[in-house]
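Colleague: I've got a model open and I'd like to learn how to read it feature by feature. Can we go through it together?

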Amino acid sequence: ALGRPDDVLATAVRGRLHTTTLLSATLLDCAIRGEALPQLAGWLADPTDSAADALLAVGATSGAGLLAGARLALASIEDHTTSRRVA
């Protein structure tokens, strides 16, 4: 969804797909291929309040879960990138 494929991460995720539900595994497989819900892709491209509101409107709690997960993933990527520069 960020447009930055990561073969190491994709391989690691593929190796663990059997540990989750079929729906989650399918969604993870889609993410590995760069596919994302339009509202998530919109927020990733332009993380404004209106884009967050559009994502939060998805399902009863699915959008909130996606937003929380995306924020954590981005923070993790940023932390990892920052620690590489310092080291």
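Modeller: Leu28 has a relative accessible area of 38%, so Leu28 counts as partly exposed; the classes are buried under 20%, exposed over 50% and partly exposed in between, with a 1.4 Å probe and protein chains only. Keep in mind that this is a predicted model, where local features need pLDDT of at least 70, side-chain atom pairs count only at pLDDT 80 or more, and totals for chains, interfaces and linings use all residues. Residues are numbered from 1 along each chain as its sequence is written, and side-chain values use heavy atoms, with hydrogens and water left out.

Colleague: Where does Leu28 sit, and which residues is Leu28 in contact with, leaving aside neighbours within four places in sequence?

Modeller: Leu28 belongs to helix H2; helices here are DSSP runs of H or I with at least four residues, strands are E runs of at least two, and both are numbered from the N terminus. Contact means heavy atoms within 4.5 Å. With neighbours within four places in sequence set aside, Leu28 is in contact with Val13, Leu17 and Thr20. Val13 is 15 residues away in sequence, and the C-alpha to C-alpha distance to Leu28 is 7.6 Å.

Colleague: What about Leu27 and Asp29: which class does each get?

Modeller: Leu27, in helix H2, has a relative accessible area of 53%, so Leu27 is exposed. Asp29, also placed in helix H2, is partly exposed because its relative accessible area is 25%. As for distances, Asp29 and Leu17 are 12 residues apart in sequence and 8.1 Å apart C-alpha to C-alpha, while the C-alpha atoms of Leu27 and Ala60, 33 residues apart along the chain, are separated by 18 Å.

Colleague: Zooming out, how many helices and strands does the protein chain have?

Modeller: Five helices and zero strands, so to speak an α-α-α-α-α pattern when read along the sequence. The C-alpha trace spans about 40 × 35 × 20 Å along its principal axes. Of the 87 residues in the protein chain, 15% are buried. Among contacts with a separation of 6 or more, 38% join residues 24 or more positions apart.

Colleague: Which residues make up the largest nonpolar core?

Modeller: First the idea: a nonpolar core is a set of buried Ala, Val, Leu, Ile, Met, Phe, Trp, Tyr and Cys residues joined through side-chain atoms within 4.5 Å. The largest one here has seven residues: Leu40, Trp43, Ala51, Ala52, Leu55, Leu67 and Ala70. H3, helix H4 (49–56) and H5 each supply at least two residues of this core, and H4 gives the most, with three. Leaving aside neighbours within four places in sequence, Ala52 is in contact with Trp43, Leu67 and Arg71.

Colleague: Last one, pockets. What volume does the largest pocket have?

Modeller: Rolling a probe the size of a water molecule over the atoms shows where empty space is left. A pocket is an open set of points, on a 1 Å grid over the protein atoms alone, where a 1.4 Å probe fits, with protein on both sides within 12 Å along at least five of seven lines; lining residues have an atom within 4 Å of a point. Grid points are joined across faces, edges and corners, and a volume is the space filled by probe spheres set on the points. The largest pocket comes to about 1,300 Å³. Of its 32 lining residues, Ala1, Leu2, Leu9, Ala31 and Ala73 are the closest to its centre. H5 provides the largest share of the lining, 10 residues.
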